[in-house]
Amino acid sequence: MKNEVLFLGTGTSQGVPIIGCDCPVCCSDNKKDNRLRASLLIKINFFNILIDIGPDFRSQMLQANNSKVNSILITHKHRDHTAGLDDLRPIYYLNKKPIDIYGEDKVLESINNDFKYLFDGPDYPGKPKINLNTISNNSFFINDIKITPIRVMHHKLPIFGYRIGDLSYITDAKYISNSEKNKIKGSKVLIINSLQRESHISHYNLQESLELINEINPQTAYLTHISHNMGLHNDVQKELPANVFLAYDQLSITI
Ligand SMILES: [Zn+2]
Ligand SMILES: [Zn+2]
């Protein structure tokens, strides 16, 4: 059975356009230049796994005409990856099934602090049921779906990417050790962050992303978590190798 992978957001933390910016990318008429905060929806046999739930989650679900999320994998605690949690409420009311969130202990601690009212105190109508599941750097299963965390460094912050079958999704990486790269090898599809052309302290730039793609050698690769500094979508795409694509919001692929 083919699985669908939908890019809900492909932008860096401020999104594109940036409030108040009049650069050509932020002013572009091309919808592919509009980037909500990075998030991925994976539909495996009608079971929907979301990776990260940023501040644009509500509009992303409306755009995708999707109202089902079964499990959420969190890469790290930064708000562009977690701020949409409150908008799980309608998803829970509709599906009446608890939503499982997976992340490492420090990430779940941060979520628990930010959204205390979702986890503390008595149940009341309107309160969604969300289970927090602590994971470590070991493979685990959601139903019969094997999830392998991949440790990557976001400057000094250790965070997780995830491999699910032939797909690896890595965001906000600046460094990946050889042993963690071994977990990515053999992926048919690699989704990797690529911020801009210039070097950055906590994110791969275009050159670093392309070097990783070269090393892993997947069938296809997609760049995400993109800044307005990267340039216009159509210009950048023309420069990329034949198997590398600049992802854009609502891009759907099957694997
Ligand atoms: Zn980020
Ligand atoms: Zn701009």
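Q: Two residues are in contact if their C-beta atoms, placed from the backbone, lie within 7 Å. With that in hand, which residues does Ser-139 touch, not counting residues up to four places away in sequence?

A: Leaving out those sequence neighbours, Ser-139 touches Lys-146, Ile-147 and Thr-148. There's also Pro-149, ten residues from Ser-139 in sequence but 6.3 Å from it in space, C-alpha to C-alpha.

Q: What kind of model is this, and how is it numbered?

A: This is a predicted model, where local features need pLDDT of at least 70, side-chain atom pairs count only at pLDDT 80 or more, and totals for chains, interfaces and linings use all residues. Residues are numbered from 1 along each chain as its sequence is written, while chains are lettered from A and ligands numbered from 1 in the order in which they are written.

Q: How many helices and strands does the protein have?

A: Seven helices and 14 strands. These are DSSP runs numbered from the N terminus: helices are H or I with at least four residues, strands are E with at least two.

Q: How do you know whether the protein agrees with a compact globule?

A: Check the radius of gyration, taken over C-alpha atoms; the globule rule is 2.2 Å times the number of residues to the power 0.38. For 255 residues a compact globule would come out near 18 Å, and the protein has 17 Å, which agrees. Its C-alpha trace spans about 55 × 40 × 40 Å along the principal axes, and 41% of the 255 residues are buried.

Q: Which strands form the open sheet, and in what order?

A: There are seven of them, running E7-E8-E9-E10-E11-E12-E13, with mixed pairing. Two strands pair if DSSP finds at least two bridges between them. At the edges stand E7 (140-142) and E13 (244-246); each has a single partner strand, so one side of each is left without a neighbour in the sheet. On average, neighbouring strands here are turned by 25° against each other, direction ignored.

Q: How many bridges join strand E8 to strand E9?

A: Eight bridges, joining residues 145-154 of E8 to residues 157-164 of E9, and the two strands run antiparallel. One example is Ile-150, whose bridge partner in E9 is Gly-161.

Q: What makes the buried residues of helix H6 line one face?

A: The buried ones are Leu-206, Ser-209, Leu-212 and Ile-213. Seen down the axis of H6, they fall within an arc of 130°, so they line one face of the helix; that arc is taken over the directions from the helix axis to the C-beta atoms. On the other side, Gln-207, Glu-211, Asn-214 and Glu-215 are exposed.

Q: Which strands does H6 lie across?

A: H6 (residues 206-216) lies across E11 (189-193), E12 (220-224) and E13, running at about 160° to E11. Axes are lines fitted to C-alpha atoms, for helices over the stretch in contact, and angles run from 0 to 180 degrees between N-to-C directions. E11, E12 and E13 are included in what covers the buried residues of H6.

Conventions:
Buried ≥ 20, exposed ≤ 12 C-beta atoms within 10 Å, placed from the backbone.
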